[in-house]
Amino acid sequence: PNFTKLYFHWLDGIHDWCVSRQLWWGHQLPVYFCKNKPEEIPISKSQFPNKEEKFVVNIEKPAACPFCKQCEMEQSSDVLDTWFSSALWPFAALAPKDQKRFYPSSVLVTARDIINLWVGRMIFSGIEFTAQVPFPAVFIHPTVLTKQGKRMSKSLGTGIDPVELIKRYGADATRFGIIWQMMGGQDIHWDEAAVIAGKKFVNKIWNASRFVIEHNTVFTASPGATIPVVKKFVRTKKMVEDCLKKYQLGQALHLLYDFFWHEYCDVYIEEAKKNPEGRTARALMAVLRDSLKLLHPFMPFVTEAIYQKLPQKKGRLLLVESW
């Protein structure tokens, strides 16, 4: 809602803009010119009142020039303006059969600096050409700044290379570190400590899962909703789903982290170690399986690797499971 004013400010003052550019990339204009000069075309001068270039606008290249009846028409070398092309993206990038299935889409995820350049233009182009709004929701994601709150700059050496973070801590830890810091503000003051915390969390998930899998012959009974660890998981799941519906990704990850580390591991696994035949111990496998499903969007690699080691997974990828 805080970006509504910015969005409408541009639309309210909208004016024509040049939709062509002299670039070497982009959508080439669907404009075809006659190669012959007007005075060389043996037809009435009335068809060329000012001896201007004669052209045809058409999606397909004309089979024959309608003016000179001789030449093979030449397509304009200009391309559509970058943002004009981008405005057509939600529907123009889809084949006709795919438009019926995938248009309109569910949500657009973008940065705040292109709300007027891209978001607004996609919406009015979608309405104009398809009579449908291209997406019902727009999620404006945060901008990652330096720890001091400045824009990252490659030339100043203040940028962060995610590939280096992945090499050092792993892809899941890097994803964790970014999402962990998305707590509602529009800017993230980058802190590598969050990635380090993500690496520790990956290790925690792996070790806890290994313990539960190794003791699966003991933990056999189906859990009931009255078992404390199950009740706690169900409440956490509901809160996570509520956060995701509101695109509160950081809050959702914090909830999962607190449940898995401080409840599932610190409380219930420790209780199971003391009483392997107890109700809590018998519920650990089922709660682990569903916890992996909730964690998967945030940390896909470690959760998929563990899921493939679970008994009774029926050969499916966690990637395609529902929760």
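Trainee: Where is the place of lysine 69?

Mentor: Lysine 69 is placed in the loop between E3 and E4. Before we go further, please note that the model is predicted, that local features need pLDDT of at least 70 and side-chain atom pairs pLDDT 80 or more, while totals for chains, interfaces and linings use all residues. Residues are numbered from 1 along each chain as its sequence is written, and side-chain values use heavy atoms, without hydrogens and water. The labels denote DSSP runs numbered from the N terminus: helices (H or I) have at least four residues and strands (E) at least two.

Lysine 69 has a positive phi of about 65 degrees, although it is not a glycine. Strand E2 (residues 31-33) is joined to E3 by 3 bridges in the antiparallel sense.

Within strand E3 lies valine 56, and tyrosine 32 stands opposite this valine. Leaving aside residues up to four places away in sequence, valine 56 touches Pro30, Val31, Tyr32, Pro62, Pro66, Phe67 and Met73, where contact means heavy atoms within 4.5 Å. In general, side chains in a regular strand alternate between the two faces of the sheet.

Let us now turn to another pairing of strands. Strand E6 (residues 107-110) and strand E7 (residues 137-140) pair in the parallel sense over 4 bridges, and threonine 110 has isoleucine 140 of E7 as its bridge partner. Together with helix H5 (residues 115-130), E6 and E7 make a right-handed β-α-β unit; right-handed here means that, with the strands pointing away from the viewer, the path from the first strand over the helix to the second runs clockwise.

The loop between H4 and E6 contains proline 104. The peptide bond from tyrosine 103 to proline 104 is cis, with omega near 0 degrees. Tyrosine 103 also forms an edge-to-face aromatic pair with phenylalanine 91, at 6.1 Å centre to centre and 85 degrees between the planes. Rings of Phe, Tyr and Trp (its six-membered ring) pair if their centres lie within 6.5 Å; planes under 30 degrees apart count as stacked, over 60 as edge-to-face and the rest as tilted. Because phenylalanine 91 lies in helix H3 (residues 89-92) and tyrosine 103 in the loop between helix H4 (96-102) and E6, the pair ties together parts that are 12 residues apart in sequence.

Finally, consider two helices. Helix H7 (residues 171-180) and H10 pack at an angle of about 120 degrees, with their axes 8 Å apart; the axes are lines fitted to C-alpha atoms over the stretch in contact, and angles run from 0 to 180 degrees between N-to-C directions. Phe176, Ile179 and Trp180 of H7 meet Leu249, Gly250, Leu253, His254 and Tyr257 of H10. These residues divide into 6 nonpolar, 2 polar and no charged, where Ala, Val, Leu, Ile, Met, Phe, Trp, Tyr, Cys and Pro count as nonpolar, Asp, Glu, Lys and Arg as charged, and the others, Gly among them, as polar.

Methods:
Two strands pair if DSSP finds at least two bridges between them.
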